[in-house]
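Please look through the sequence and the model shown here before reading the report.

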Amino acid sequence: MKTRIAGAALTALLMIGAGYAALFIAPTDVRQGEVYRIMFFHISCWAAMFIALAVSFAGNIAWLVTNRLKWDWLGVSGAEVGVACCTAGLVTGPLWGRPVWGIWWTWDARLTTTFILWLLYISYLLLRGLIEDPQRRASLSAIFGIFAFLDVPLVYMSNRLWRTQHPQPVLFGGEGSGLAPVMLKVLMVCMAAIVVVMTLVLTDRYRLERLRYELDELRVEIESRAEEGNPITTKGEG
Amino acid sequence: MKNFQFLFTAWIAVWAVFFVYEVSVARRVSQLRDEIERLKQQLRGR
């Protein structure tokens with residue numbers, strides 16, 4: 001419990017530090033003014049999403065190889081947290097695009113592939129809700145998850161491969177790209193804050209899946225005892 | 001500050017998404033824990 005409180009306090013400090021750095025330490029952009037500061041959280045959300053979906057992908061592959069349910073739990077946890085990060089990115093993107101481009105949205109390669117990615121992982125989560133049998137659910141969703149992950153490199157490469165309304169990459173973008181050193185440091189702090197938050201949420205989401213399994217096991221045990229003629233009664237039921 | 005409303009909304013939106021999601025996960029964890037505890041008591045009480 002103490003570790004959890006210490007972890008939460010450190011995360012809160014990191015979040016406050018990231019907010020302060022993004023709003024007050026990073027210099028004003030010559031062309032965009034103050035609104036460019038959205039970038040620090042917008043890019044960080046995408047970094048966190050890529051990590052969460054990579055975790056999901058690894059979980060999906062590991063399930064198909066080992067058939068151990070803990071990998072399925074990791075797969076669904078990564079996917080759901082990835083969807084949350086993607087949602088945050090899809091919300092902040094238009095809020096940055098409107099003042100800079102003059103439009104909320106456009107169907108260019110980067111935005112379209114990202115929107116498709118969001119839809120794919122929403123479908124992944126919906127698919128899981130439709131299948132009762134845990135083994136079958138894990139296998140089908142793992143296959144679908146691997147298919148959905150194919151869009152991740154496409155999203156990453158889209159503004160490198162095609163001409164897009166979305167700006168060219170500021171990180172790993174090659175010659176002519178990049179950020180001023182102070183901006184880069186602030187971006188790293190913000191990225192660290194969001195990735196730490198994402199990791200904590202992912203850990204909680206994994207715990208949720210483990211508890212679901214535990215609950216199912218208990219229900220099976222109670223049912224099997226009832227079938228044996230030893231029904232379980234609660235206090236007050238006689 | 002020009003376009004401050006966009007910056008402010010984006011800032012709030014990011015933390016709101018994570019906060020709402022974390023609260024939803026924590027609530028589901030708490031419900032499951034209660035349910036597991038109830039079933040364990042049933043098993044012990046037979």
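## About the model

This is a predicted model, in which local features need pLDDT of at least 70 and side-chain atom pairs count only at pLDDT 80 or more, while totals for chains, interfaces and linings use all residues. Residues are numbered from 1 along each chain as its sequence is written, and chains are lettered from A and ligands numbered from 1 in the order in which they are written.

## A:Gly93

A:Gly93 lies in helix H3 (residues 69-101) of chain A, where helices are DSSP runs of H or I with at least four residues, numbered from the N terminus. A:Gly93 counts as buried because 21 other C-beta atoms lie within 10 Å, the cut-off being 20 or more other C-beta atoms within 10 Å of its own, with C-beta atoms placed from the backbone. From A:Gly93 to A:Glu223 there are 130 residues in sequence and 50 Å in space, C-alpha to C-alpha.

## Helices H2(A) and H3(A)

The axes of H2(A) and H3(A) are 7 Å apart, and the two helices pack at an angle of about 160 degrees, where axes are lines fitted to C-alpha atoms over the stretch in contact and angles run from 0 to 180 degrees between N-to-C directions. H2(A) is therefore roughly antiparallel to H3(A), a term for angles over 145 degrees.

## Chain A against chain B

The contact takes 35 residues from chain A and 29 residues from chain B, two residues being in contact if their C-beta atoms, placed from the backbone, lie within 7 Å. On the side of chain A that touches chain B, the largest share, 14 residues, comes from H7(A).

How values were computed
A residue is buried if 20 or more other C-beta atoms lie within 10 Å of its own, exposed if 12 or fewer, and partly exposed in between; C-beta atoms are placed from the backbone. Angles under 35 degrees count as roughly parallel, over 145 as roughly antiparallel, 65 to 115 as roughly perpendicular and the rest as oblique.
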